[in-house]
Amino acid sequence: MSFPSRRRVRLWFGPHQIADYIGEPAAAARHEAAMRRRFPGLDVTNDPLPVPRRSADYSPADLHR
């Protein structure tokens, strides 16, 4: 079974995560750009999600975000 490539975009207020988005790479890049425009003073991260070794490593919530 092949898993789609996913990225996690997070918005940070100091050490506190205040927003979280998981999506395909192109959508994550658009979301990251939008967050940077809307919140120019806050940190935005865009990290790859680890590829699971087996399907049980993914929760249903991760697959449908």
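The protein chain has two helices and three strands, where helices (H or I, at least four residues) and strands (E, at least two) are DSSP runs numbered from the N terminus. Along the sequence the pattern reads β-β-α-β-α. This is a predicted model, in which local features need pLDDT of at least 70 and side-chain atom pairs count only at pLDDT 80 or more, while totals for chains, interfaces and linings use all residues. Residues are numbered from 1 along each chain as its sequence is written, and side-chain values use heavy atoms, with hydrogens and water left out.

The accessible surface of the protein chain is about 4700 Å², and carbon and sulfur atoms hold 55% of that; areas come from the Shrake-Rupley method with a 1.4 Å probe. Of the 65 residues, 22% count as buried, meaning under 20% relative accessible area. Among contacts (heavy atoms within 4.5 Å) with a separation of 6 or more, 54% link residues 24 or more positions apart.

The largest nonpolar core consists of Val9, Leu11, Ala28, Met35 and Val44. Such a core is a set of buried Ala, Val, Leu, Ile, Met, Phe, Trp, Tyr and Cys residues joined through side-chain atoms within 4.5 Å. Strand β1 (7–13) and helix α1 each supply at least two residues of this core.

Glu32 lies in helix α1 (residues 25–38) and is buried, at a relative accessible area of 17%. The table gives contacts, not counting residues up to four places away in sequence.

| Residue | Residues touched |
|---|---|
| Glu32 | Val9, Val44 and Asn46 |
| Val9 | Ala19, Asp20, Tyr21, Ala28, His31, Glu32, Val44, Thr45 and Asn46 |

Key:
Buried < 20%, exposed > 50% of the residue type's maximum accessible area, 1.4 Å probe, protein only.
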